[in-house]
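User: I would like to learn how to read aromatic contacts and surface patches in a model such as this one. Could you take me through them step by step?

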Amino acid sequence: MTFNDIFKSSFLENVTTVSILDMVIALVLAFGLGLFIFLIYKKTYAGVMYSSSFGVTLVALTMITTLVILAVTSNVVLSLGMVGALSIVRFRTAIKEPLDIAFLFWAIAAGIVLAAGLIPLAVFGSVFIGIIILIFANKKDASNPYIVVVSCDGSASEKRAMDLLSERTKKTTVKSKTARKGSIEMNLEIRLLDDNTDFINELSDLEGISSAVLVSYNGDYMG
């Protein structure tokens, strides 16, 4: 055994498997695509509470995926070991918005395609996906939906409330109704004729109406 054999290491031999230039180009492009995905997410977000950390996660996820795929494509043996290592990872974070899942897969797919060397596919594919999401995510109904919660003391006041809402709104749909002795509570989805919401004041002034609450929501109703 010679002196060189003592310090010979397969780890050191793999240092130059991926060139520095390739790593820099891949990570810079991954950062650019991740930033583009983040901007599209910020532009199209329609939830209640915007999370800036999720946007940063999209940028980081694109770069991390690129880093992993670069390592996998440079060594077949390493790729098999990495598959086994990643198989034990479990993500428990709940996804509140269905569209967030699409952004997560988009970031991962962009990182994979980019690290595989298919740069035109990664760039033009991401631009195309971003345009599609911008078009469909921002395509909303001209009349925003609202929920009206009405509390009344009987059937007569309920009829007066329904008549007023039918006259002053474009569409009124009963979502739920709770009846107790001496009180009735209704949840109704309405579509406004215009931006004027003064009808809710008239509704609360009707005889037998104890309260009327107007709430805006995104139109997603389960039930």
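Predicted model: local features only at pLDDT ≥ 70, side-chain atom pairs only at ≥ 80, totals over all residues.

User: How is a pair of aromatic rings described, and how many aromatic pairs does a search of the whole structure find?

Analyst: A pair of aromatic rings is described by the distance of the centres and the angle of the planes. Here, a search of the whole structure finds four aromatic pairs. One of them joins F36 and W106, whose centres are 6.1 Å apart with 85° between the planes, an edge-to-face arrangement. This pair links distant parts of the chain, since F36 lies in helix α3 (residues 20-44) and W106 in helix α6 (residues 98-115), 70 residues apart.

User: Are F36 and W106 buried or exposed?

Analyst: F36 counts as partly exposed because its relative accessibility is 26%, whereas W106, at 6%, counts as buried. Another pair, Y41 with F54, is tilted, at 4.9 Å centre to centre and 50° between the planes; Y41 belongs to helix α3 and F54 to helix α4 (residues 52-74), 13 residues apart. Y41 is buried at 2% relative accessibility, and F54 is buried at 13%.

User: Which residues form one aromatic cluster?

Analyst: The cluster is formed by F36, Y41, F54, F103 and W106.

User: Which residues make the nonpolar surface patch?

Analyst: V127, F128, I129, I131, I132, I135 and F136 make this patch of about 640 Å².

How values were computed. Residues numbered from 1 in each chain as written. Heavy atoms only, no water. Patch = residues over 30% accessible without salt bridge, like charges linked within 9 Å, V, L, I, M, F, W, Y side chains within 5 Å. Areas by Shrake-Rupley, 256 points an atom, 1.4 Å probe, with all protein chains shown as cover. Salt bridge = Lys/Arg side-chain N within 4 Å of Asp/Glu carboxyl O. Phe/Tyr/Trp six-rings, centres within 6.5 Å; stacked < 30°, edge-to-face > 60°. Helix = DSSP H or I, 4+ residues; strand = E, 2+ residues; numbered from the N terminus. Buried < 20%, exposed > 50% of the residue type's maximum accessible area, 1.4 Å probe, protein only.
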